[in-house]
Amino acid sequence: MQPPITQKILIVDGSITDQPKDQFVIIKIADPKFNTTSGVKDATVEVIEDNKTVIGLTDRNKDGTYFFPTSFQAKYNVSYKLRIKTKEGTQYESSSEVMVQGPKIDKVYTEFLKDGIPSGNSFSPAHFVYI
């Protein structure tokens, strides 16, 4: 059995898209000792595009949710990495990831089968999704 985690843990949750919509990264600190999480405020949060262009994110609501500029839309075949510097001076940097275009989806349909999934000696109903 491993000893319990007692150090604070940085939690980063976000994604980017090529769609014209609000895009953001949520940054929190989890404190296992007190079983709490709180937003990381007043950090410097940047995304570096193709190791050249620095895009600054802003904590509009002062709650640890850092928004991209409203005009930001990710581009295919371009690399992105996240850089965070807390107000205490601790720095974090992700590895670079290239945004790839997913395959074209020609058709999506579902099928309901009353006897869809084997479950012991019987079957459970199920919806099957085909792409």
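Visitor: Hi! Is I16 buried, exposed or partly exposed?
Guide: Hello! This is a predicted model, and in it I16 is partly exposed, because its relative accessible area is 31%. Buried would mean under 20% and exposed over 50%.

Visitor: Where is I16 found?
Guide: I16 is in the loop between β1, which covers 9–14, and β2.

Visitor: And what does I16 touch, leaving out residues up to four places away in sequence?
Guide: I16 touches Q23, F68, F72, A74 and Y80.

Visitor: How many Å apart are I16 and M1?
Guide: Their C-alpha atoms are 38 Å apart in space, while in sequence I16 and M1 are 15 residues apart.

Visitor: Why is the pair of F72 and Y80 called edge-to-face?
Guide: Their planes stand at 85°, so the pair counts as edge-to-face, and the ring centres are 6.1 Å apart. The cut-off for that label is an angle over 60 degrees.

Visitor: Are F68 and F72 buried or exposed?
Guide: F68 and F72 are both buried. F72 counts as buried because its relative accessibility is 6%. Y80 is also buried, with a relative accessible area of 6%.

Visitor: Let's change topic. Which residues touch the most other members in the largest nonpolar core?
Guide: They are I27, V45, L57, F68 and Y80, in a core of 17 residues. Two or more core residues come from each of β2 (24–31), β4 (44–49), β5 (53–57) and β7 (79–85). The largest share is three residues, and β7 supplies it.

Visitor: What does V45 touch, again not counting residues up to four places away?
Guide: V45 touches I27, I55, G56, L57, Y66, L82, R83 and I84.

Visitor: Which residue lies over the face of F67?
Guide: That is R60, at 4.0 Å from the ring centre. Another case is K107, whose charged end sits over the ring of Y109, 5.0 Å from the centre.

Visitor: Now the whole chain. How many helices and strands does it have?
Guide: The chain has eleven strands and zero helices.

Visitor: What radius of gyration does the chain have?
Guide: The chain has 21 Å, whereas a compact globule of 131 residues would have a radius of gyration near 14 Å. The C-alpha trace spans about 60 × 45 × 30 Å along its principal axes.

Visitor: What share of the residues count as buried?
Guide: Of the chain's 131 residues, 24% count as buried. The chain exposes about 9,800 Å², and carbon and sulfur atoms supply 51% of that area.

Visitor: One last thing: among contacts between residues at least 6 apart in sequence, what share join residues at least 24 apart?
Guide: In this chain, 39% of those contacts do.

Key: Residues are numbered from 1 along each chain as its sequence is written. This is a predicted model: local features need pLDDT of at least 70, side-chain atom pairs count only at pLDDT 80 or more; totals for chains, interfaces and linings use all residues. Side-chain values use heavy atoms; hydrogens and water are left out. A nonpolar core is a set of buried Ala, Val, Leu, Ile, Met, Phe, Trp, Tyr and Cys residues joined through side-chain atoms within 4.5 Å. Buried means under 20% relative accessible area, exposed over 50%, partly exposed in between (1.4 Å probe, protein chains only). Helices (H or I, at least four residues) and strands (E, at least two) are DSSP runs, numbered from the N terminus. Contact means heavy atoms within 4.5 Å. Rings of Phe, Tyr and Trp (its six-membered ring) pair if their centres lie within 6.5 Å; planes under 30 degrees apart count as stacked, over 60 as edge-to-face and the rest as tilted. A charge sits over a ring if NZ of Lys or CZ of Arg is within 6 Å of the ring centre and within 35 degrees of the ring normal. The radius of gyration is taken over C-alpha atoms; the globule rule is 2.2 Å times the number of residues to the power 0.38. Accessible areas come from the Shrake-Rupley method with a 1.4 Å probe; for residues, only the protein chains shown count as cover.
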